[in-house]
Amino acid sequence: MADARFFNDEPFLDHEEGPDLLGHGQYAEHVISLLDRVRAQTETGVLALIGPWGSGKSSVLGKVTRRLRDTADDEGWLIAELNPWLYSDLESLTLALFSEIREALPNDGRWSDAREKIGGFGKAISPLGKVTALFGLDSEGLIQEVSNRISGDTSASAAKHKAEEALRKAGHPVLVVMDDLDRLTPEELLVVFKLVRLVGHLPNVYYLISFDERTLLDVLQRSELVGNSEPRARDFLEKIIQVRMDLPAFRERDADALVDRSLSTVLASHNLTLTPGEQERVSEAYFQYLQARLRTPRAIKRFFGQVDATLGQLTGNVDIVDFLLVTFLRTSEPRAYQLLWQHRAELTGTSVDLPSRRDERPEQRIDRWRTTLRDAGVAEQHLDGVIGLMGMLFAPLRQALGYGANFQAIALRRGIGSIDYFDRYMVFGIPDDDLPEHTFDTALQQLADDTPGAEADELLLRLRDDTQRITRRIGYKRAAGTPLPAAALLKAAAPHYGHLTAAPQGALGLFTADRAMDVLAKDLLTDVADHGRPAILKTMAETPDGAVLAARTLQRVTARNDSDPRTTHRQRSPPTG
């Protein structure tokens, strides 16, 4: 999958040697064929490639120009690419046009006359200041140019006639390519059209322009020449363009295929694969919420470019499906994404509800979020989709939408809906007060193997200073069925029991560090076989703080066993035999 290029304007995942997923190669051949037919019927013309923003016009133009250059022969097309954005007035743009045409002609003796005549025409119709800037005349050349104009040795009409004769004699067609005309101001656009229609109307010179028609018509209607009339704007456009080519619609199946390949490419580049459960969640999110928003090559490329750019060190430290959905929100609805941090406590289920919200019904919560998102600029037609996506990420919203939600399941997958992993998604990395998954797993292995290491030391330090989070993360491993070094953890944690410095957590600040350690120690001791517990408790009790933890842990495990009906029945059954 080394063909992914997310960060440039080249055809996306669609190179000459690869599969033509977007159909651009086939359509480029159609454009080239049409150019040849137009050339056979007229000595000049304007062709327009028309399509919405992001539909792939630039990709098609790129393929057309590359293929024409690759197949150039004695009768083939010469390419001049002109960027109108760089020039603010007709004189500068005119000089640029003739400069580009001149540079497109081969630099050999056969073409010397044509190159000279094209340059002469450009100079003849432009102010001296423009000529000096673009053609780089030195002082001697500038004096000669002034002398020629004063003496009448050159005139615009004579120069144009000479240029036309030279271009006809050369016999080579020149294609002037201009992209993104819809991004010009009304004044700049009229300058371009005046150039194409009048000044640049030269034999063997053809124009291939591209734009989004809706946007271009809007721009024209803001000009004084056309005024606020769409019919006049269309009539004006029809006078400029002889042949229009509408880019084929980007079909739903094309978009789906491009999304699928893009996702596979990103995953492969980060050495990731999706589990069946993750594939199911991606499919649900895509077909319910994302598909309607990923309808153009540009939208797809932009989304997966952001995924590829920001996944980085988060690989293996976040849930990849959650990361995809959060990245979509950040890319497509940035103000909605900013709300996540503002409502972090509510979304992760760690907030104390305001009195006004304690009796809030599910439909009221959804209505409140609809209002919040609407105020943040989410379009009305996208509100339900954004709320649905957020419901896939955050348990409180999922519950309000009428689906079951499990906070522990979110934590087990390292989802953004867990307070222990939320920050990773917002800072595009592992915060300084967090432990990466690799460090965490290495520390547990070092404890299990009784091999001291920096990772184990860091884990124990965090267990003292960030007790609630570290005990929860150990609990997540246990709930997921990951084998834990229970004995080693108990022995290592016991001496620190009296020095826990983590601040209380929870809605009322009642969940203290020693309470979190008590719960973890009980669970860990429960996982130890009965015959191994006395030795562990004895080792824990070698320090005063450890003795307190050992006693509390033994009491909790014993109390639990006494309350277990199965255990109580066994203890009270009379001996047999």
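Colleague: Is R552 buried, partly exposed or exposed?
Modeller: This is a predicted model, so take the numbers as computed from it. R552 has a relative accessible area of 38%. That value lies between the 20% and 50% cut-offs, so R552 counts as partly exposed.

Colleague: And what is the N to O distance in the salt bridge of R552 and D514?
Modeller: D514 is partly exposed, with a relative accessible area of 31%. Its side chain meets that of R552 in a salt bridge, and the N to O distance there is 4.0 Å.

Colleague: How many residues apart in sequence are the parts that R552 and D514 tie together?
Modeller: Going back to that salt bridge between the side chains of R552 and D514, R552 lies in helix α28 (residues 544-563) and D514 in helix α26 (residues 513-527). The pair therefore ties together parts whose separation in sequence is 38 residues.

Colleague: What about E29, which residue does it form a salt bridge with?
Modeller: The closest N and O atoms of the pair are 2.7 Å apart. E29 lies in helix α1 (residues 24-41) and its partner in helix α2, so the pair ties together parts that are 38 residues apart in sequence. The partner of E29 is R67.

Colleague: Where does D433, the salt-bridge partner of R469, sit?
Modeller: The side chains of R469 and D433 meet at 3.5 Å, N to O. The pair links distant parts of the chain, 36 residues apart, with R469 in helix α24 (residues 467-479). D433 sits in the loop between α21 (422-427) and α22 (437-449).

Colleague: Which residue in β4 stands opposite V174?
Modeller: Strand β3 (residues 174-178) and strand β4 (residues 205-211) run parallel and are joined by 5 bridges. The residue in β4 that stands opposite V174 is V205.

Colleague: Within what arc do the buried residues of α27 fall?
Modeller: In helix α27 (residues 533-540), the buried residues are R533, I536, L537 and M540. They line one face of the helix, because seen down the axis they fall within an arc of 95 degrees.

Colleague: Which exposed residues does the face of α27 turned away from its buried side carry?
Modeller: An α-helix has 3.6 residues a turn, so residues three or four places apart point the same way. On the face of α27 turned away from the buried side, the exposed residues are P534 and K538.

Notes:
Residues are numbered from 1 along each chain as its sequence is written. This is a predicted model: local features need pLDDT of at least 70, side-chain atom pairs count only at pLDDT 80 or more; totals for chains, interfaces and linings use all residues. Side-chain values use heavy atoms; hydrogens and water are left out. Buried means under 20% relative accessible area, exposed over 50%, partly exposed in between (1.4 Å probe, protein chains only). Helices (H or I, at least four residues) and strands (E, at least two) are DSSP runs, numbered from the N terminus. The arc is that of the directions from the helix axis to the C-beta atoms. Two strands pair if DSSP finds at least two bridges between them.
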